[in-house]
Amino acid sequence: MNVAIKDMNFVPKADLRALIADAIDTTIDKIAPAWPLASTVAVNPFAGHATIRLAEVAALHDRLAGVAIFMPADWYRGKIATGEIARKDLLSALAKSDYTAKPADISQLVEILAQSSTRTAKIPALAEIASQATGDDWPTIIEDCVGRWAASHFDTGASLWEGGSTKGSAWKSWQVWAKNDRTPEILGLTGFRNMVAELPDDPVAAIEKILEELNPSFAGLENQFYQTLLAINGWAQHARYLRWTAALNNGTDETIIDLLAMRLCWDYALYRVFRPGIEKAWENALAELAKPIQPSADNIAHEIAQEAYELGLQRGLADKLAAHRPTAKQADKRPEIQAAFCIDVRSEVYRRALESLSDDIETFGFAGFFGLPIEHTSGPSSLQENRLPVLLAPGLKTCSHEGKPQNEFASHLVGKTGRPWHQVRTAALTSFAYVEAIGPTYIWQLVKRTLGISSAKSVDTGAAKPVFETELDPVAKCDIAEKVLRAMSFTKGFAKTVILAGHGANVTNNPHKSALHCGACGGHAGDVNARLLADLLNDQAVRHDLVKRGIDIPDDTLFIAALHDTTTDTITLFERDLVRVLDTATLARLKDVIAQAGFLARSERKARLPGATHDRDIMARATNWAETRPEWGLAGCKYFIAAPRGYSAHAALNGESFLHNYDHHADAKNGYPVLELILTAPVVVASWISLQYYASTVAPDLYGSGNKLLHNVVGGIGVYEGNGGQLRTGLPIQSVHSGSDFVHHPARLTVCLDAPIEAINAVLEKHPSVRALFDNGWLHLLAFGPSGKLALRYAGDLRWEEIDAMPPTEKA
Amino acid sequence: MFLVAALPILITICLACSGLIGFLGVKDLTRSAERAVKGVSIAALMLAVAAAVAFTITGETRLDWTGTGFGSQLDLVSVTMLNLVAFLAWVILTYALSYLRGEARRGEFIGHMGLTLASVSALVQSTNLVQLALFWIFTSLLLHKLLLFYAERPAAKRAQRKKFVIARIGDIAMITGIFLTYRHFGSLDITEIAQTIRAGHVEGGTGWIVGLFAIAAIMKSAQFPTHGWIIEVMETPTPVSALLHAGIVNAGGFLLIRLSDLVVTSPTVMTVLALIGLFTAVFGSAVMITQPAVKTRLAWSTISQMGFMILQCGLGLFALALLHLVAHSLYKAYAFLSSGGTIEKIHGLRKAGPRENIRPGLLIGSFVLGIAIWAVTGALFGETMTSPAVMALSVVVIFAANQLLSAVLSESTISQRMIIGLVTSLGISVCYFGVHALTSHIGIPYFPTWSGSMVTLWVLSLMVIASFVSLGLFQSYLLSGHQPADWLAGFYVHLANGFYLNAVIDRYAGTWRITGNGTKLSGEKS
């Protein structure tokens with residue numbers, strides 16, 4: 001160590017700063033953002049690792065967090081034994097694997113899996129070393145203390161008194177907190193407050209000062225920092241979210257650096273107090289951190305087994321799509337009803353049900369924000385809701401203003417005094433009066449909730465019609481309409497009635513409600529976007545201009561916005577938005593088919609939902625305040641198909657596939673802008689969803705939010721599991737597990753495109769970040785052949801190979 | 001008559017059945033078992049309602065469990081408590097059946113829950129002190145099982161250890177108290193003891209007895225400084241928290257109310273109780289407003305509300321304490337069970353449009369109006385005049401009215417703010433005094449009152465007013481939207497940490513010592 005210190009003494013201070021700053025930057029990028037639960041979206045926790053492969057990321061998690069990011073070895077071994085993971089898939093996966101240290105053959109691979117132990121290969125963190133030495137549970141103590149401060153710092157209105165220093169940076173706020181907090185010293189960290197007081201006001205300078213003592217050779221900084229942030233993963237992910245949204249608005253946010261400095265501070269304090277007992281072990285740990293982290297044989301074997309499992313799923317899909325394929329319908333007949341849904345896997349079940357009712361019903365799939373990147377303000381709210389994919393910055397401002405109510409006094413007295421009453425209920429002193437005056441009325445509330453008779457609605461149908469706030473001239477409106485219709489590959493053959501259905505969940509008392517809403521709408525329900533688009537497409541001026549651009553919408557075509565309630569599979573129509581009157585017969589027919597389709601969809605979903613035997617059981621889930629599994633959300637998602645609906649319409653995909661309508665012939669004329677859009681937006685969003693489910697299933701302790709029965713909503717942004725400590729991000733265990741078995745079987749998403757591979761390659765070449773996802777195995781890519789069957793597999797580096805032998809196992 | 005007297009014990013049997021059904025279904029609670037659990041809990045509730053109706057018609061009665069000396073009391077207190085317990089049992093059991101679906105040990109959970117509820121129902125109908133103590137301890141031990149439902153969670157164990165020690169100290173105090181009672185009165189029958197006291201056959205010397213029961217009550221109802229455990233027991237499914245905060249924690253207050261005739265014989269102990277309750281109420285609610293995690297905030301709220309209830313007992317306002325107990329239970333059960341909706345609720349509050357800062361003049365004006373509303377409605381219902389203690393406690397109405405008014409005035413989206421503000425603040429005031437008037441009307445003849453010197457009562461009342469006004473003004477300052485002063489930042493940290501009481505206990509109890517080697521986290525079955 002001494003040698004190292006001397007070496008570093010020759011490094012000029014400026015270079016040292018750059019070294020540290022570099023390591024900080026790299027580390028921050030490895031942490032994925034986590035949106036607050038008010039409007040959360042699925043996030044790929046491995047988004048920062050797109051340039052390396054799963055086994056390499058697994059090695060990092062093994063060594064730095066002691067967390068496995070594969071299913072347990074027994075899971076794979078069981079599937080290999082039963083043949084669910086087929087031998088030939090294992091062989092292909094093994095052959096594909098690029099690692100030099102990969103197993104020689106299948107028997108060796110199985111052998112490695114058999115010997116895989118759950119024993120962690122984690123490099124001990126400093127707090128763990130201190131625990132060993134002192135016998136006190138320092139990692140948990142720190143988690144607890146960090147949680148108490150962070151919860152109050154990031155609070156968005158959960159506590160009445162939000163502390164004195166919410167205006168400053170997180171580092172400043174923590175300094176104030178830590179200079180006052182007696183807890184660490186009571187628990188044995190003497191001199192903690194003074195130590196904090198002596199640290200510089202600048203977090204990076206503080207990190208430098210800490211490192212001079214903690215890691216004087218400045219080696220392995222990236223690993224050290226990553227380990228440090230993983231120890232406060234939830235809060236770090238929240239800070240990363242702040243940075244993400246700041247970047248979308250061309251700003252920057254340094255909160256995550258503050259958190260890094262804050263957590264290092266704890267290590268520093270432990271080190272200063274317990275140095276004699278932990279110095280040696282910490283030196284060893286540092287030496288380990290300084291070495292590059294390589295995947296172990298175990299990691300590699302797991303990756304191969306996982307890959308083989310996914311190859312098997314793909315074969316299953318290919319079989320399904322190839323089997324029973326009907327001959328193409330005559331294209332010239334005008335359908336009676338068309339309905340566009342979000343690509344969300346939950347729509348697949350409903351669309352199939354709807355199509356089964358009549359040959360005259362057609363459905364489409366498109367990202368549920370319907371191409372409108374809006375920032376919406378509802379009512380008098382001062383909050384803007386970004387109802388668009390989180391990858392994009394909003395481009396349009398919209399709002400919905402309520403009209404004047406009939407009796408303003410009464411409606412304001414009942415509807416607008418919520419906040420004052422909340423204050424009286426939760427404030428000191430006044431809560432005593434509240435309890436005695438109002439407490440008895442809670443009998444009624446409890447009866448209502450226990451009987452489940454509170455009103456269940458996913459959306460307020462009476463809510464005022466949304467309008468654009470951004471000034472749009474006719475040309476701009478037409479631009480939007482054209483772009484959206486082309487992106488939907490929906491430029492001709494319009495039916496008389498076209499439903500545009502956004503979707504939203506309908507659940508009660510569920511902190512993760514927004515996770516069940518539309519991800520493409522930024523964790524909101526999709527009603528606003530659907531209503532805006534329907535209105536735009538019903539606009540005569542827009543239609544008039546569209547004709548000049550080659551899109552001729554017949555005069556009798558009406559676009560009707562709708563909201564698909566994914567919990568109960570009911571659909572709400574916004575027919576009252578229409579300027580032109582919808583005739584009653586058509587409306588009755590529409591209501592009839594959506595009711596029938598809803599019943600069919602529920603019958604199919606019933607089998608998968610625990611405790612649901614009757615149709616009414618599913619409806620009751622929406623109002624049951626004790627329901628932890630109201631619906632399965634996107635659990636089970638495995639595939640993404642972008643092709644004409646005819647390619648998949650005949651196959652029951654069990655709500656496992658995203659379905660995007662795409663017609664490459666039409667796209668080719670313009671140079672494949674739609675293909676580019678699909679690969680860069682919906683596919684990436686879908687990959688985030690699939691990897692979120694993957695991570696929450698395989699690593700629930702780190703990337704899942706734990707047990708819903710223990711959730712303790714904190715700060716209005718997230719949940720604790722239990723008393724406090726870590727902010728728990730990701731999906732609850734109840735979202736991926738039925739209690740007896742996993743409902744989501746972890747698989748990376750398989751994207752199936754109907755497009756020429758040259759065109760696909762061109763898009764990948766243009767977008768290296770998207771290409772990285774495919775090249776490093778975070779997504780699989782298959783292409784349909786001219787016959788409409790899956791024919792080609794992307795093999796990385798813009799190379800393609802034939803999918804081996806469409807197996808004749810199924811009768812074709 | 002016998003049938004009426006048997007209603008309480010039937011309620012207990014029904015609730016016990018719900019537990020037994022749970023245990024029978026340990027492996028797999030079938031749909032019909034679920035229905036059976038709901039069925040017996042509804043039966044229990046209907047029996048409780050029947051008991052209430054019968055009580056209003058026939059008045060007090062009791063059933064002796066032949067040969068045991070134990071029995072079932074049917075009077076105002078037990079009827080109220082039985083209805084509360086049976087109602088909560090129905091709500092919480094129904095909730096738990098859904099909530100724990102898919103959980104491997106659901107049957108066991110329902111089993112323990114049902115037995116706990118049965119035990120509480122047996123506790124509240126006790127005619128005999130030994131019977132009361134027996135079910136008191138039995139309830140605590142069953143709760144112990146529920147709090148350790150996820151026994152593998154280290155945090156659950158840490159909190160449970162604190163709770164266990166406190167509960168056993170309370171048990172010892174109670175048992176000793178019972179022993180001394182027997183020596184003093186020669187009887188363990190609660191009614192008999194009360195009658196002896198009412199007949200005036202006691203010449204002092206009850207201080208120790210009342211003191212010991214008071215200690216048991218304080219331990220049970222999480223009063224300062226023994227409150228630490230209750231803010232750390234969120235490591236178990238939400239229905240347990242609801243049961244604990246809405247049901248079991250009340251037992252301290254129930255004990256004092258049940259033994260009110262005995263309690264009033266020692267004004268000294270009552271004074272101490274009032275002071276502890278007052279301090280806990282103020283301290284607990286001040287900490288509460290700093291808490292960003294909903295269940296933790298609710299736990300601090302429980303501490304303070306229990307403090308308020310103990311304060312009422314200490315001031316000899318037993319009927320109001322019973323009201324507070326019931327009202328708080330209903331409110332808190334709902335608050336815990338619906339705590340999952342907090343995200344939506346807070347988001348809704350944030351969406352409610354901008355808020356305006358209120359001019360100091362208006363702030364003072366709303367305060368004056370608050371006093372006016374309090375004075376008028378209080379006088380209207382004739383309550384403020386009855387006793388200095390009642391008047392002192394009703395000071396909370398001034399602040400509630402004032403705060404509602406000023407909060408409504410700061411809402412920018414409300415039209416006719418002044419009128420709406422006045423209507424709401426008048427509303428809460430009328431509700432408060434109205435409910436009080438009703439409670440007093442029913443309860444006054446039933447309960448004894450403060451029997452110490454009026455001077456002491458006045459001093460206590462003035463202390464209550466002084467504490468409440470200081471807390472109220474401090475809070476108004478915080479809520480006025482002005483940036484708090486620097487020194488407050490430090491005070492905030494101390495407050496948010498509950499003045500480190502748990503940290504100190506942890507340190508000396510060795511709570512943070514590692515027991516096993518390097519096992520942590522994971523509450524999941526895999």
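1. A residue counts as buried when its relative accessible area is under 20%. In this predicted model, helix α19 of chain A, which covers residues 418-426, is mostly covered, since seven of its nine residues are buried. The buried residues of α19(A) are Arg419(A), Pro420(A), His422(A), Gln423(A), Val424(A), Arg425(A) and Thr426(A).

2. Turning to the two chains, 116 residues of chain A are in contact with 123 residues of chain B, and the area buried between them is about 10,600 Å², with carbon and sulfur atoms giving 64% of that area. Trp161(A), Arg419(A) and Glu436(A) together supply 10% of the area that chain A buries against chain B, which is more than any other three residues.

3. Six salt bridges are found across the interface of chain A and chain B, and a salt bridge also joins the side chains of Glu385(A) and Lys351(B), at 3.0 Å from N to O. Between the chains there are 43 residue pairs in polar contact, while the side of chain A that touches chain B divides into 45 nonpolar, 46 polar and 25 charged residues.

4. The structure holds 52 aromatic pairs over all chains. One of them is formed by Trp35(A) and Tyr241(A), whose ring centres lie 5.5 Å apart with planes at 65 degrees, so the pair is edge-to-face. Trp35(A) lies in the loop between α2 and α3 of chain A and Tyr241(A) in helix α14, so the pair ties together parts that are 206 residues apart in sequence. Trp35(A) is buried, at 10% relative accessible area, and Tyr241(A) is buried as well, at 17%.

Definitions and conventions
Residues are numbered from 1 along each chain as its sequence is written. Chains are lettered from A and ligands numbered from 1 in the order in which they are written. This is a predicted model: local features need pLDDT of at least 70, side-chain atom pairs count only at pLDDT 80 or more; totals for chains, interfaces and linings use all residues. Side-chain values use heavy atoms; hydrogens and water are left out. Contact means heavy atoms within 4.5 Å. Buried area is the accessible area (1.4 Å probe) that two parts lose on being put together, summed over both. A salt bridge is a side-chain nitrogen of Lys or Arg within 4 Å of a carboxyl oxygen of Asp or Glu. A polar contact is a pair of N or O atoms within 3.5 Å; within protein, one must be able to donate a hydrogen and the other to accept it, and residues adjacent in sequence count only if both atoms are side-chain atoms. Ala, Val, Leu, Ile, Met, Phe, Trp, Tyr, Cys and Pro count as nonpolar, Asp, Glu, Lys and Arg as charged, and the others, Gly among them, as polar. Buried means under 20% relative accessible area, exposed over 50%, partly exposed in between (1.4 Å probe, protein chains only). Helices (H or I, at least four residues) and strands (E, at least two) are DSSP runs, numbered from the N terminus. Rings of Phe, Tyr and Trp (its six-membered ring) pair if their centres lie within 6.5 Å; planes under 30 degrees apart count as stacked, over 60 as edge-to-face and the rest as tilted.
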